[in-house]
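Here are my comments on the structure you asked me to look through. They are set out as numbered points, so that each can be checked against the coordinates on its own.

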Amino acid sequence: MVPLIDHTFSGLIWKLESDTVAGLLYAETRNSENRTVGFSSFGLENGKVYFEELLPEEKWLTGLEGGRQGVLFLHGYKSDQSPEHKAIIALDGLTGKQLWADYNFALEAFTVDGLLAADQRFQSKRTILLDYQSGNPKTSSQNQDDPQEIKYPQILRLLPQNLTGLIAGEITGEISCLNYNSYLIISLHTQNNGALAQHLFIIENDKMIYHDLLNENIQKLQPEAFVLIKKHLVYIKNKFNLKVLNL
């Protein structure tokens, strides 16, 4: 198996979001040394890099909200010390060009009909539905959430007996596991002389067909290593490397 996307950033991968309908994957990366944040866009079907570590106008206090209908949404922060969001900035998911921005609203939710936003000029909460493409107000009687087609691994305490012989080293900690078609995707940690390493495996018919070493010589157990977006296995290696496999 050869990754469709194998991309190393200059900044630390901070957050990933997908737009499953448009087939886009977005990344937020941060460089604490020069206090910059960058945003990148990838095609999940073709592996294309549409834009890479694009710098916003506010180079640090900006974050990734998510994407819908080919539009990437960013937010600001009220201050350096507060996690509270402010403002909505909409970028074209293919070019990175700004489509619209509103600094009076904060994003509340993505719905099937549009973006639900809260007007921050009022003490009591007032929400409004905005069109994804233009930011113009819309009317809707439903406002149903618009979830993404993403599968997350289950957590196992022990590896099935028939698979233990495939893994070299002493397994420690919980095991992340996900079945997809004929594939079994597993992420786990091994320990050797007190040093931890994190691995990703793909197994088919009790045979290992793919292995990647995600982290080595680490001091503590890392969180879940992968997600499945439709048929695309998405994972991070060494905190700077994004990889996507089409299964």
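This is a predicted model: local features need pLDDT of at least 70, side-chain atom pairs count only at pLDDT 80 or more; totals for chains, interfaces and linings use all residues.

1. In its secondary structure the chain comes to zero helices and 22 strands. Along the principal axes, the C-alpha atoms fill a box of roughly 60 × 40 × 35 Å. Of the 247 residues in the chain, 46% are buried, and the chain exposes about 13000 Å², of which carbon and sulfur atoms supply 47%.

2. At the β14 end, two bridges join β14 (residues 150–151) to β20 (residues 226–229) in an antiparallel arrangement, and lysine 151 has leucine 228 of β20 as its bridge partner.

3. Further into the sheet, β20 pairs with β21 (residues 232–237) over four bridges, again in the antiparallel sense, and here leucine 228 stands opposite leucine 233 in β21. β20 and β21 form a hairpin with two residues between them, and lysine 230 in the turn has a positive phi of about 55°. From β21 the sheet continues to β22 through six bridges, with the two strands running antiparallel, and valine 234 stands opposite valine 244 in β22.

4. Which residues does asparagine 241 touch beyond its neighbours within four places in sequence? Asparagine 241 belongs to strand β22 (residues 241–246), and its contacts of this kind are Asp6, His7, Thr8, Ile13, Tyr235 and Ile236. A polar atom of its side chain lies 3.0 Å from the backbone oxygen of histidine 7. With a relative accessible area of 10%, asparagine 241 is under the 20% limit and so counts as buried.

5. The aromatic side chains call for a separate look, and the count comes to five aromatic pairs. In one of them, the ring centres of phenylalanine 73 and tryptophan 100 are 6.2 Å apart and the planes stand at 65°, which makes the pair edge-to-face because the angle is over 60 degrees. This pair links distant parts of the chain, with phenylalanine 73 in strand β7 (residues 71–79) and tryptophan 100 in strand β9 (residues 98–102), 27 residues apart. Both phenylalanine 73 and tryptophan 100 are buried.

6. Phenylalanine 73 also pairs with tyrosine 132, where the centres are 5.8 Å apart and the planes are at 50°, so that this pair is tilted. Since phenylalanine 73 lies in β7 and tyrosine 132 in the loop between β12 (127–130) and β13 (137–138), the pair ties together parts that are 59 residues apart in sequence. Phenylalanine 73 is buried with a relative accessible area of 0%, and tyrosine 132 is buried at 1%. Phe73, Trp100, Phe110 and Tyr132 form one aromatic cluster. Elsewhere, arginine 30 lies over the face of tryptophan 60, at 4.8 Å from the ring centre.

7. Two further residues may be compared for their surroundings. Leucine 74 lies in strand β7 and is buried, with a relative accessible area of 2%. Beyond four places in sequence, the contacts of leucine 74 include Phe39, Thr62, Leu64, Ala87, Ile89 and Leu91. Leucine 74 and threonine 62 are 12 residues apart in sequence, with their C-alpha atoms 6.8 Å apart in space. Glutamine 123, by contrast, has its place in the loop between β11 (115–119) and β12, and counts as exposed at 85% relative accessibility. From C-alpha to C-alpha, glutamine 123 and leucine 188 are 47 Å apart in space, and they are 65 residues apart in sequence.

Technical notes
Residues are numbered from 1 along each chain as its sequence is written. Side-chain values use heavy atoms; hydrogens and water are left out. Buried means under 20% relative accessible area, exposed over 50%, partly exposed in between (1.4 Å probe, protein chains only). A polar contact is a pair of N or O atoms within 3.5 Å; within protein, one must be able to donate a hydrogen and the other to accept it, and residues adjacent in sequence count only if both atoms are side-chain atoms. Contact means heavy atoms within 4.5 Å. Rings of Phe, Tyr and Trp (its six-membered ring) pair if their centres lie within 6.5 Å; planes under 30 degrees apart count as stacked, over 60 as edge-to-face and the rest as tilted. A charge sits over a ring if NZ of Lys or CZ of Arg is within 6 Å of the ring centre and within 35 degrees of the ring normal. Two strands pair if DSSP finds at least two bridges between them. Accessible areas come from the Shrake-Rupley method with a 1.4 Å probe; for residues, only the protein chains shown count as cover.
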